[in-house]
Amino acid sequence: MILGVHDGHDAGAVLIDGERIFAVNEERLNRVKKYRGFPELSIKAVLEMANADPEDVEVIAVAGIFRKQKRLIELERRLKAIFGPEFKRKVLFVEHHLAHSASAYYTSGWREALAVSIDAAGDGLSSSIYVARDGEMIRMAQSTYIDSLGDFYASVTELLGFKPMRHEGKVMSLASYGRPTYDLSAIIELNGLTFENHLKVIGVEATKKLAEFFGYPLSRAKEIANQMKRGKLDGELQRKAIEIAASAQRHLEKLLEELGVKLSSKGLPLAYAGGVAQNVKANAVLRKIFGDDNLWVFPAMDDGGLAFGAGIFAKAQLDRLDGRWKPFKLKHAYLGPSYGRTYVEEFLRNEGLEFEKVDEKFVVDALSEGKLVGLFQGAMEFGPRALGNRSILANPSDEKVKERLNLALKRDVFQPFAPSLLWEKAKEYLEDLEGRPNEFMTMSYTASEAFREIAPAVVHVDGTTRPQAVRKEVNPSYYEVIKAFEKKTGIGAVLNTSFNMHGEPIVCSPEDALKTFRKAGLDVLVVEGFAVWKKE
């Protein structure tokens, strides 16, 4: 058994036992968003899921090499408390970008690929490019933490009054409301396969320089951001903020396009991870270069996936040593904790709730009546997206539902909602799809005219959508819900947003689900086939 551990920003753990994989992030268990620290609860949870003891673990693969002395001593102390004094002989440290790239390559199903990681920074680097063959990964290019594309986008995020390293998705969403007006090649460019930051500063110093460059009032950034969150997008400074967002997004896409074109000449598919891989619009640019079937974005692409990357890298090296490495394709992201019907029934009884056993027809009837449904079933998703097991569902044909959801979940009004659609409907609903559709919401597509008409609530202002294509063999119960919804309404898709209040982690347990259901004022909660209604 191999345990992967990430003890930094968005801590988590993964346990790999042959073909079995269990993975969870600490935030889901301690309810602290993007928790930074030691993943004690995650380690206990993955061991419990595997029905294993600490002594069953043969290798502890730790993501990230550089730690300050205090942090390293703390990490050792915490590992020793769980694994005993012999823990040191089991520990293998895996460099940050190697862990990111490994998470993508070793789950891609490809024997030969380019493995790329781009983020803000980790272990002194901000990007790495590997040629991966037969389980071996050789680095061919890199960017230092100063020449960071991720930090550039994070600085723009901070400049616009949002939280850097957390709210980059808001900048991407905001960009769709305007047109790019600034040329940012004087800020950061691609030099060969390496990014080059002409500002020569990062973090808050870069943010200040960008404020000067754009002539944007940094002192008023949060005030302007708060107004935009509430829907005021038409003031002079709001329009300027939107133009900055659009310019930054266009520049990010331009640089990734340049990099993608250079890499595509190698004739290999691309496996991709790292914080910048969260940008689904930029991912779509890479998809156009490599094609639907030759780009794989690891579902837990951000730092939350580092434990997985470290663990699967260690496994691949051991398999190579034994001469038994073979390509592995990750089929789904349902790798987290699950709660059986017996547990749920007992929990609901103890809460003194009225509930009844229901089927997918009940969920579909509720959706077609315009109700907001919290759906909780099976194993929790690993990664930042809810994919039908910890989801809030709504009718995608009703534009008004967006306003209800934004109010209920305290979301920003300019952020789009995404659909889960039937696998076989993908070609009809997505205009620019030529191969396999995306199953993990890691890619944006242009919505077809037909889809824009029937499902306006899940199409962004620029006509794009970020779908999850659902296959019956991967999630049969969720597939049946969407299939039954199609039978009733003619629409083979539902609105799917993550089951959490804005700023909180996705729910993990039935207790979390009930709490969020009440807080958000959803109409119905369906937990493992049992329905609970909102009290009128």
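A cavity, for my notes, is a set of points on a 1 Å grid over the protein atoms alone where a 1.4 Å probe fits but cannot get out, and lining residues have an atom within 4 Å of a point. I join grid points across faces, edges and corners, and take a volume as the space filled by probe spheres set on the points.

I am reading a predicted model, so I note that local features need pLDDT of at least 70 and side-chain atom pairs count only at pLDDT 80 or more, while totals for chains, interfaces and linings use all residues. Residues are numbered from 1 along each chain as its sequence is written, and side-chain values use heavy atoms, with hydrogens and water left out.

**Entry: cavities**

I searched the whole structure and found three cavities of 30 Å³ or more. The largest cavity holds about 80 Å³ of space. I looked up its 13 lining residues, and Y334, E439, Q468, A469 and V474 are those nearest its centre. I sorted this lining into seven nonpolar, three polar and three charged residues (Ala, Val, Leu, Ile, Met, Phe, Trp, Tyr, Cys and Pro are nonpolar, Asp, Glu, Lys and Arg charged, the others, Gly among them, polar).

The second largest cavity has about 70 Å³. Its lining also has 13 residues, with S148, D151, F152, N197 and V201 closest to the centre. I count nine nonpolar, three polar and one charged residues here by class.

I then turned to the second largest pocket, about 520 Å³ in volume (a pocket is an open set with protein on both sides within 12 Å along at least five of seven lines). I find I16, G18, K315, D319 and R324 closest to its centre, out of 25 lining residues. Strand β2 (12-17) and helix α11 (306-321) each bring at least two residues to the lining, and α11 gives the most, with five. I get 14 nonpolar, four polar and seven charged residues there.

**Entry: the core**

Which residues touch the most other members of the largest nonpolar core? I find L3 and Y272, in a core of 146 residues (buried Ala, Val, Leu, Ile, Met, Phe, Trp, Tyr and Cys joined through side-chain atoms within 4.5 Å; buried is under 20% relative accessible area with a 1.4 Å probe, protein chains only, exposed over 50%, partly exposed in between). Helix α9 (residues 236-264) provides the largest share of this core, eleven residues. Another core lies apart from it, with 45 residues, including I2, A61, L98 and A273.

**Entry: helix α8**

I looked up the buried residues of α8 (residues 221-229): A221, I224, A225, Q227 and M228. They lie on the same side of α8, because they cover an arc of only 160 degrees around the axis (taken from the directions from the axis to the C-beta atoms). Among what covers them I noted α5 (149-159), α6 (168-175) and α9. G231 follows α8, with a positive phi near 110 degrees.

**Entry: positive phi**

Most residues other than glycine have a negative phi. I found D123, not a glycine, with a positive phi of about 55 degrees. D123 sits in the loop between β6 (112-122) and β7 (125-133), and D123 counts as buried at 16% relative accessibility. M441 also has a positive phi, near 55 degrees. I located M441 in the loop between α15 (426-429) and β17 (445-446). Is M441 buried or exposed? M441 is buried, with a relative accessible area of 2%.

Notes. Helix = DSSP H or I, 4+ residues; strand = E, 2+ residues; numbered from the N terminus. Contact = heavy atoms within 4.5 Å.
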